[in-house]
Amino acid sequence: MKTIAFIGAGVMGGPMAGHLMKAGHSLTVYTRTREKAEALIGKGAKWAASPSEAADGADVVMTMVGYPKDVEEVYFGEQGIFQTVRSGTILIDFTTSSPKLAVRIAEEAESRGCAAIDAPVSGGDVGARNGTLSIMCGGQENAFREILPLLEAVGHNIVLHGPAGSGQHVKMSNQIVIATSMIGVCESLGYAVRAGLDPERVLKSISAGAAGSWTLSNLAPRMLKGDFEPGFFIKHFLKDLRIALDESKSMGLELPGVALAETMYSALAETGSENEGTQALYKVYR
C-alpha cells in the first residue's frame with residue numbers, strides 16, 4: 001500500500017482518488033475548494049492546506065488540475081510540490097497539459113532524485129466514476145512499472161508511449177479525434193432533425209454501423225435530451241485544442257479540423273457555455 005498525495009478533487013479527480021482509497025491506499029488530499037474534497041475526507045482521507053503539505057512524506061504524488069498554469073503553480077509555486085517532495089517519490093500528472101511542461105517537471109523531479117510520469121486520461125466523468133479511463137503515459141519505464149498497479153485502480157487501457165512529454169502528445173492525438181468527430185456527430189443529428197427524421201431512431205441505426213464511435217454512443221443521447229452538464233468542460237477542451245494547435249505549429253503541421261473546432265467552441269464559450277460539457281456544441285445545430 002502506498003501513501004498518496006492527491007491534488008485536485010473535481011469532476012475527474014474526486015472519483016479517481018476515491019478508487020485509490022477503495023484499493024486500500026492512504027490518501028492525503030488538497031484542492032483549492034475544500035468542499036469538493038469533503039466526500040473523500042468523510043471516507044478517511046487526510047486534508048492538506050497546500051500542495052507542499054500534501055506532498056510532504058508521500059510515496060506518490062498525483063495531480064489532476066485544470067490548466068497548464070495550474071500545473072506549473074502546483075509543482076513549482078511557493079507552496080508547490082517541489083518545496084517538500086522527498087527523494088524517491090514518484091510524481092504523476094493526470095492533467096492534460098503542455099508536453100513541454102511535462103518535460104520540465106520530469107527534469108526537475110530527476111534533479112531531486114524523483115521520477116515524474118505525465119499521464120493524461122480519456123474517458124470523461126463516466127470513465128472516472130467507473131474506473132475505466134484510458135491513461136496515456138510518458139516517462140521512465142521503471143517508474144511506470146512501479147506505479148502501474150495504482151493506475152490500474154483508475155483505468156484499464158494504460159500504455160507507456162516513451163519519455164517525458166509522450167503522454168501529453170498522445171492526449172493531443174486523442175483530442176484531435178474528439179474535436180473533429182464531435183462536429184460530425186452534431187452535424188449528423190442536425191441534418192436528421194432538419195430532414196424530419198426521428199433522431200433517436202437515426203442514432204440507433206447509425207451507432208451500430210461504420211459510423212459508430214464513443215462520442216455517438218455516449219454523448220449523442222445527451223445532446224438529444226438537452227443534457228449539457230459537463231463530463232468535460234468546454235473551457236478545458238478549448239485549452240486542449242489550443243495546446244494541439246501550438247504544438248502542431250511548432251512541427252510545421254496544419255490541422256484545419258482542429259482550427260475549425262477551436263473557432264466553434266470559442267464562439268460557444270463566449271455565449272456563456274464555457275462550463276457546459278463538450279456535447280453542448282449541438283446547440284449550434286439544434
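Let's start with two helices: α8, spanning residues 166–194, packs against α12, spanning residues 234–251, at an angle of about 115 degrees, and their axes lie 10 Å apart. This comes from a predicted model. Angles from 65 to 115 degrees count as roughly perpendicular, and α8 and α12 are therefore roughly perpendicular to each other. Their crossing is left-handed.

Which residues in α8 meet α12? On the α8 side you will find His-169, Met-172, Gln-175, Ile-176, Ile-178 and Ala-179. Facing them from α12 are Phe-237, Asp-240, Leu-241, Ile-243, Ala-244, Glu-247 and Met-251. Sorted by class, this contact of α8 with α12 holds nine nonpolar residues, along with two polar and two charged ones.

Now let's turn to the strands. Six of them form an open sheet with parallel pairing, and reading across it gives the order β3-β2-β1-β4-β5-β6. At the edges sit β3 (46–47) and β6 (115–118), each of which pairs on one side only.

What lies across β5 and β6? Helix α5, residues 99–111, does, and α5 runs at about 165 degrees to β6.

Conventions
Residues numbered from 1 in each chain as written. Predicted model: local features only at pLDDT ≥ 70, side-chain atom pairs only at ≥ 80, totals over all residues. Heavy atoms only, no water. Axes fitted to C-alpha atoms, helices over the stretch in contact; angles between N-to-C directions. Helix = DSSP H or I, 4+ residues; strand = E, 2+ residues; numbered from the N terminus. Parallel < 35°, antiparallel > 145°, perpendicular 65-115°, else oblique. Left-handed = near helix turned anticlockwise from the far one by under 90°. Contact = heavy atoms within 4.5 Å. Nonpolar A, V, L, I, M, F, W, Y, C, P; charged D, E, K, R; others polar. Pairing = 2+ DSSP bridges.
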